[in-house]
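Good morning, and thank you for joining this group meeting.

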Amino acid sequence: APRGAGRRSAQDAVALLKADHRKVEGLFKKAEKAKGGAKEKLVEQICNELIIHTMLEEEIFYPACRGEDVEEDMMDEAQVEHDGAKILINDVKGADADSEGYDAKVKVLSEYIKHHVKEEEKPRTGVFAEAKRKGVDMDELGGQMQSRKEELMAQAEQGGLPHPEPKTVGVDAGGKTSRSGPKQSSPKASSGTLRSIAMAAKRATFGE
């Protein structure tokens, strides 16, 4: 094959991440209309897609952005948004479709992800736009991310994806939120605790 042909045929990093966003949005729409076991399967797929997506960003894309001096506050906010999503993902994954508040939890996760996607994809001020402006090598990252994604998808098929670990928002034994390191696990939260966690993450991220 001609030199560089493989790279041209691969998606760049932003195209890959945006494709992930569109896929998850479609799955959420299907899940809204589904019931029972069918809904559980769709939500499980959504959670796996989101776990893989956040890992790709945190392992490869976000470090590259920081390496090219993308605004630190922007990257910190993106990380906190991820951590709020991880807490919601862990709670949804541990619930049954017929459990109290299940539909509400899925809806909150959907809205949370929608906000995060909107922030990342803003045409002039989002992380993607800023990364391009700073000269992040999107072709190189796209290849790295595609390879890693294939590994993680294979893990997901075997049920071996790791539980998402928040890095900036933790939960102590009393269910209170704290700004701490990644050493804390992500326990299954009650509905009340979930709301307090989500609101704390939202305040930390969105200033609300």
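Let me state the basis of the values. This is a predicted model, in which local features need pLDDT of at least 70 and side-chain atom pairs count only at pLDDT 80 or more, while totals for chains, interfaces and linings use all residues. Residues are numbered from 1 along each chain as its sequence is written, and side-chain values use heavy atoms, with hydrogens and water left out.

I begin with the overall fold. The protein has eight helices and two strands, where helices (H or I, at least four residues) and strands (E, at least two) are DSSP runs numbered from the N terminus. In order from the N terminus, the elements read α-α-α-α-α-α-α-β-β-α. Of the 208 residues, 45% are buried; buried means under 20% relative accessible area, exposed over 50%, and partly exposed in between, with a 1.4 Å probe and protein chains only. Contact means heavy atoms within 4.5 Å. Among contacts with a separation of 6 or more, 67% are between residues 24 or more positions apart.

Next, the helix pairs. Two packed helices are described by the angle between their axes and the distance between the axes. The axes are lines fitted to C-alpha atoms, for helices over the stretch in contact, and angles run from 0 to 180 degrees between N-to-C directions.

Consider helix α4 (residues 72-93) and α5: their axes come within 10 Å and cross at roughly 160°. The two helices are therefore roughly antiparallel, a term for angles over 145 degrees, whereas those under 35 count as roughly parallel, 65 to 115 as roughly perpendicular and the rest as oblique. The crossing of α4 and α5 is left-handed, that is, the near helix is turned anticlockwise from the far one by less than a right angle; clockwise would be right-handed. By class, this contact has twelve nonpolar, four polar and five charged residues. Here Ala, Val, Leu, Ile, Met, Phe, Trp, Tyr, Cys and Pro count as nonpolar, Asp, Glu, Lys and Arg as charged, and the others, Gly among them, as polar.

Which helix also packs against α5 (residues 102-121), with axes that come within 11 Å? That is helix α2 (residues 13-33), and the axes cross at roughly 155°. This makes α2 roughly antiparallel to α5. The crossing of α2 and α5 is left-handed. The residues of this contact divide into five nonpolar, two polar and seven charged.

I close with individual residues. Residues up to four places away in sequence aside, His116 touches Glu57, Tyr62, Ala78, Glu81 and His82.

Lys39 belongs to helix α3 (residues 36-67) and is buried, with a relative accessible area of 7%. Apart from neighbours within four places in sequence, Lys39 is in contact with Ala31, Ala34, Tyr102 and Asp103.

Finally, Thr168 sits in the loop between α7 (138-157) and β1 (170-171). Thr168 is buried as well, with a relative accessible area of 18%. Thr168 and Asp83 are 85 residues apart in sequence, yet 6.6 Å apart in space, C-alpha to C-alpha.
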